[in-house]
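Dear colleague,

I am passing on the structure that we spoke about, with a short account of what came out of it. Please look it over before reading on.

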Amino acid sequence: MANDALDPGPNGDYPYMPRNPDGTLDTVRMPIHTVQHPTARDAAGNKVRMNLEPTLPDGRKVSAVVPPQQ
């Protein structure tokens, strides 16, 4: 069975998250930034901003578990 990046390992860590060689989160393969959608608008006509960072089942954000490169 394949492991998902957000599956915790046996030690409670997340060993399957994409990482850089230095161990930091690979933000190219696991984006954690906010983007403005080019066409989506809310009910008031404002452009919609979307946070692309995944939330883990326990409510923490990915960057809280595996720090991104500074």
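In what order do the elements of the protein chain run from the N terminus on? They run β-β-α, with 1 helix and 2 strands in the protein chain, where helices (H or I, at least four residues) and strands (E, at least two) are DSSP runs, numbered from the N terminus. The radius of gyration of the chain, taken over C-alpha atoms, is 15 Å, well over the 11 Å that the globule rule (2.2 Å times the number of residues to the power 0.38) gives for 70 residues, so the chain is more spread out than a compact globule. Its C-alpha trace spans about 45 × 25 × 20 Å along the principal axes.

Please bear in mind that this is a predicted model, in which local features need pLDDT of at least 70 and side-chain atom pairs count only at pLDDT 80 or more, while totals for chains, interfaces and linings use all residues. Residues are numbered from 1 along each chain as its sequence is written, and side-chain values use heavy atoms, with hydrogens and water left out.

Of the 70 residues, 20% are buried, meaning under 20% relative accessible area with a 1.4 Å probe, protein chains only. Leaving aside neighbours within four places in sequence, M30 is in contact (heavy atoms within 4.5 Å) with A5, L6, P18, L25, P54 and V62.

With regards

Definitions and conventions
Buried < 20%, exposed > 50% of the residue type's maximum accessible area, 1.4 Å probe, protein only.
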